[in-house]
Amino acid sequence: MWSDIIYVLLLSFCVFIGFYYRNISDPDVKKWIGTIIGFAITVIVSGSHTYYPLIFTLINAIIITKFSPKLCHLASFYFSFFYLLFVSRLGDYVGLPVVSTHTNLILMIMTLKISGLAFEINAADGRDDAQDDVEGVSSKALKNVGITDVFHYGFSYMGLLTGPYYRYRTYWDHLHRPFYKCVDPWTLTLPKLQAIVVYCVLFLIMNYLYPVNYVLTEEYAEQSFLYRHFYMYPTFAVFRLRMYIGMGLAECACQMAGLGAYPAKSNPLPGMGPKDYMRIEKELPEDLRADECNFNAVYNMDVKRLETCMSVRTAMKAWNGCIQYYFGVYVYKRFPYKSLRTLVTLTLSAIWHGWAPGYFICICQIPLFMLTDDLVTKFYRQNEEATFSNTLWYMLGWYEKTTCMAYLGVPFLLLGFEDCMHYYKQVYFSGHIVALLMYVTVLCCKPYILKKAKKEE
């Protein structure tokens, strides 16, 4: 409990220090202040384990600055995940101390950020400022990246504790191309903070009423099947609220620091930043109006979209969107065997969270609930809006998405294999049965519904 309080207090500090940090005009002073704050936070939460992120960043800095750009991305990627998965988490097998929970969180986001920097350098290698460089791969940000630059990027306080993931170019832009000057971040941050206060109240109430460990008690086992089955929905709602609080504060910290502000016409995406970087290559912040910029590049959790969408795929993109960008671009799209891309990406995402079986049980079962996604979406889109059939398919898709998140979310919280299997036995694997029944149902409907649509066309 105390660790959670300290965690929220540190994130809140990161939000309000932005009032001062954002107004620092000198880029060199600014990046040093951001790094000093980030390192101080690391020491507070890590204590004697601070040397773990220090060693991690130093070795990666050497790889990135000394290795060939053609190889540095692979070397950094393999070293970063090896260090996170084996050195920091399994080091006790060889006499090393196991890192604390918050140090693990820092290493998790550093693994993505710094190896992502290596991928950016690799992509920029040999590229000139050509007209067809729409995404700005050859941005000035990636010219002459030094060891200290890697440390500044890695230890910058924005997103240090819980994300979001943002590219090095985004970090460089907030120092040298401060688009935030055209918009007041506080007007965007205040509504989020107000929502976070509501999330905190709901979290405290629901965490008291629906604790996840209750599913392992004898009292839970004596409840009716329907009670045991539907208990997963409020339980996972507690976890969602916790994520909304942490991710929301992290996003607010980035906004208040001016990180991730870009003109809307550049189409900034979570994690990636501007998709059309060329449109703002020569744009000056003072030439823009307040309504022309946003912070979409650092929006990690789209709460409204997540709660209202009817697709598991859409929910995955709305949940931790910046992290999804990293795994989608640097793992899924780069893995050479297309038939294994989904499996490898989900598996790596699971072990990035940790070695606990619950992570694998949760994340690697997602494809089971995605079987009906495409068909239900087609059924929904071929009907006119506000019709009964349109509403029916929307409700069915929403139910499947919500059930997927809740049913797979409980193992993510329980973690232990025996605990996860105990829970599934208590609910008679009902979530799996629901997923399969829905798949069979939409398959049976497919020849009639889609065939009808084809004739009408």
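Does Cys364 count as buried, exposed or partly exposed, and at what relative accessibility? In this predicted model, Cys364 counts as partly exposed, with a relative accessibility of 29%.

**View 1. Cys254, a buried cysteine.** A search of the whole structure finds zero disulfides, and Cys254 accordingly takes part in none, the nearest cysteine sulfur being that of Cys322 at 8.2 Å. Cys254 has a relative accessible area of 0% and is therefore buried.

**View 2. Thr35 within helix 3.** Helix 3 spans residues 27-46 and includes Thr35, a residue that is buried because its relative accessible area of 11% falls under the 20% cut-off. The side chain of Thr35 reaches the backbone oxygen of Lys31 at 2.8 Å. Leaving aside residues up to four places away in sequence, Thr35 touches Phe151, His152, Phe155 and Ser156.

**View 3. The packing of helix 20 against helix 21.** Helix 20, formed by residues 388-414, and helix 21, formed by residues 417-426, pack at an angle of about 150°, and their axes are 8 Å apart; the crossing of the two helices is right-handed. From helix 20, the residues Tyr407, Leu408, Val410, Pro411 and Leu414 meet Asp419, Cys420, Tyr423 and Tyr424 of helix 21. Sorted by class, this contact has eight nonpolar residues, one charged residue and no polar residues.

Technical notes. Residues are numbered from 1 along each chain as its sequence is written. This is a predicted model: local features need pLDDT of at least 70, side-chain atom pairs count only at pLDDT 80 or more; totals for chains, interfaces and linings use all residues. Side-chain values use heavy atoms; hydrogens and water are left out. Axes are lines fitted to C-alpha atoms, for helices over the stretch in contact, and angles run from 0 to 180 degrees between N-to-C directions. Helices (H or I, at least four residues) and strands (E, at least two) are DSSP runs, numbered from the N terminus. A crossing is left-handed if the near helix is turned anticlockwise from the far one by less than a right angle, and right-handed if clockwise. Contact means heavy atoms within 4.5 Å. Ala, Val, Leu, Ile, Met, Phe, Trp, Tyr, Cys and Pro count as nonpolar, Asp, Glu, Lys and Arg as charged, and the others, Gly among them, as polar. Buried means under 20% relative accessible area, exposed over 50%, partly exposed in between (1.4 Å probe, protein chains only). A polar contact is a pair of N or O atoms within 3.5 Å; within protein, one must be able to donate a hydrogen and the other to accept it, and residues adjacent in sequence count only if both atoms are side-chain atoms. A disulfide is a pair of cysteine sulfur atoms within 2.5 Å.
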